[in-house]
Amino acid sequence: MSEQDKDSAAPWKATILSLYPDMFPGPLGTSLAGRAMEKGLWSLEAVHIRDFAEGKHRNVDDTPSGGGAGMVLRPDVIGSAIDHVTGEGDTRPRILLSPRGKPLTQEKVRELKDAGGAILLCGRFEGVDQRVIDSRELEEISIGDYILSGGELGAMVLMDAVVRLLPGVMGKVESGEEESFESGLLEYPHYTRPTVWEGQEIPEILTSGHHGKIAKWRKEQSIELTRERRPDLYAAWAALEKQSSGKKSKNFASIIGEGGAAILDRSNWARKPDVWSGKFDGLVFGTNASVIFFSTDEAGKGPQLHRHPYDEVFIIRKGKALFTVDGETIEAEEGQIVFAPANMPHKFESVGSDGLETIDIHVSNEIIQENLEE
Ligand SMILES: C[S@@+](CC[C@H](N)C(=O)[O-])C[C@H]1O[C@@H](n2cnc3c(N)ncnc32)[C@H](O)[C@@H]1O
């Protein structure tokens, strides 16, 4: 960001309403967020809710109507506090940190970054009177499925996530864009020097200098990690991929009728017109199955040991094959079907002089393969 841009962009402004304003800026006063604040890229004002309470005891809370444990923050006190900090023409979103809220996501963080700031109400006790939540149109946001004792830490989490995305805060824009959640996937694993540490080497591909292969490896790692750890994110990502690849597919496959049925010409998957060899990615049809067509006339031929982050089914169309799946050997012949579960190392080779033809179905919208050392 140029000096001129910095001057013209108004800093992102957070106003916190809390019973513990002294907690702020807390950790946000140091490191990346602290330096950004010093540079004037964002500002924080913490306002004491009790300043808006009236009466001798300046009570901010009262017992829950209908009975029950704990106390509830009063609507009159909270209403006055919100009105006081909302300036003329202030369009910043008004947020109540609340375990009942919608989960804070990276998408929401980006939206808040673009909103110019936020008014953040930190609840305490049992929560906040519903009437003020409704009348002041507070958006409830949760930072996770657990209960904190107050909204202050939630507000800090939210601000930290936003501030690091503000222009001029992070060194390189890319360092934000490649991160977990930005592409709908978790990020791939990182490595740095020393090249060998406690006998463990950095994956060879990362020191190959081949940028295309590195990008492909990272994407595969991201997909696999997400599939394993966050099936919810994976499902959403796969559905989106399917949608967009379905659109791309029209370039290759001929669509038949309204229902989405399609046909792919042999010239679009086979390496040679007369050999059972080639492949297609399910992306072509926008579906979750890809196929490799394998054929050889020679005995002992077949792919090296490898694995995929999804299940694979082999249909023996012709001849005999010797499969190794997770160290087990399986002999299979024409008409038989072999199954290799996701992530299980496997290979096969043709047996005998009749040659071998297989149809290998990959349960994925694209073929992803990691070759392994034997
Ligand atoms: C003890 S909690 C109240 C919990 C409330 N009785 C419930 O069961 O939903 C007090 C305050 O902490 C904050 N808080 C607690 N957990 C939170 C979370 N997961 N995300 C955001 N804020 C939270 C809210 O501001 C809440 O009003």
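## Pocket, cavity and core in a predicted model

Helix α8 supplies eight residues to the lining of the largest pocket, the largest share of any element. The model is predicted. Its mean pLDDT is 89, and 91% of the residues reach 70 or more. Confidence is under 50 over residues 1–8. For that stretch the model has five contacts beyond four places in sequence.

**The largest pocket and helix α8**

The largest pocket has a volume of about 850 Å³. Its lining counts 26 residues, and I205, W217, Q221, E370 and N371 are the closest to its centre. Two elements give two or more residues to this lining: α8 and β20 (370–371).

Helix α8 covers residues 211–229, 19 residues in total. From first C-alpha to last, α8 reaches 27 Å, close to the 27 Å expected at 1.5 Å a residue. Which residues of α8 are buried? They are I214, W217, E220, S222, I223, E224, L225 and T226.

**The cavity**

A search of the whole structure finds one cavity of 30 Å³ or more. The largest cavity holds about 90 Å³ of space. Its lining is made up of I223, R227, Y234, W237, A238, N288, P309, Y310, S364, N365 and I368. Helices α8 and α9 (231–249) each give two or more residues to this lining. α9 gives the most, with three residues.

**The nonpolar cores**

In soluble globular proteins, nonpolar side chains tend to be buried together. Here the largest nonpolar core has 29 residues. Those touching the most other members are W12, I16, F24, W42, I95, L120 and M159. The elements that give two or more residues to this core are β1 (12–18), α2 (31–38), β2 (42–48), β5 (94–103), α4 (106–113), β6 (117–122) and α6 (152–163). The largest share, seven residues, comes from α6. Apart from this core lies another, of 20 residues, including F52, A53, L73 and L138.

I16 shows the packing in detail. Beyond its neighbours within four places in sequence, I16 is in contact with F24, L44, E45, A46, V47, L120, C122 and M159.

Helix α6 also holds D160. Is D160 buried or partly exposed? D160 counts as partly exposed because its relative accessibility is 36%. The C-alpha atom of D160 is separated by 9.7 Å from that of V109, 51 residues apart along the chain.

**Backbone points to check by eye**

Two cis peptide bonds and two positive phi angles are listed below.

| Site | Backbone feature | Angle |
|---|---|---|
| F24–P25 | cis peptide bond | omega about 0° |
| R193–P194 | cis peptide bond | omega near 5° |
| F125 | positive phi, not a glycine | phi about 55° |
| E137 | positive phi, not a glycine | phi near 45° |

P25 lies in the loop between β1 and α2. Its cis partner F24 is a member of the largest nonpolar core. P194 is found in the loop between α7 (174–177) and β9 (196–197).

F125 sits in the loop between β6 and β7 (127–128). With a relative accessible area of 41%, F125 is partly exposed. E137 is in the loop between α5 (130–135) and β8 (139–142). E137 counts as exposed because its relative accessibility is 60%.

Methods:
Residues are numbered from 1 along each chain as its sequence is written. This is a predicted model: local features need pLDDT of at least 70, side-chain atom pairs count only at pLDDT 80 or more; totals for chains, interfaces and linings use all residues. Side-chain values use heavy atoms; hydrogens and water are left out. pLDDT is the predictor's confidence in each residue, from 0 to 100. Contact means heavy atoms within 4.5 Å. Helices (H or I, at least four residues) and strands (E, at least two) are DSSP runs, numbered from the N terminus. The expected span of a helix is 1.5 Å times one less than its number of residues. Buried means under 20% relative accessible area, exposed over 50%, partly exposed in between (1.4 Å probe, protein chains only). A nonpolar core is a set of buried Ala, Val, Leu, Ile, Met, Phe, Trp, Tyr and Cys residues joined through side-chain atoms within 4.5 Å. On a 1 Å grid over the protein atoms alone, a cavity is a set of points where a 1.4 Å probe fits but cannot get out, and a pocket is an open set with protein on both sides within 12 Å along at least five of seven lines; lining residues have an atom within 4 Å of a point. Grid points are joined across faces, edges and corners, and a volume is the space filled by probe spheres set on the points.
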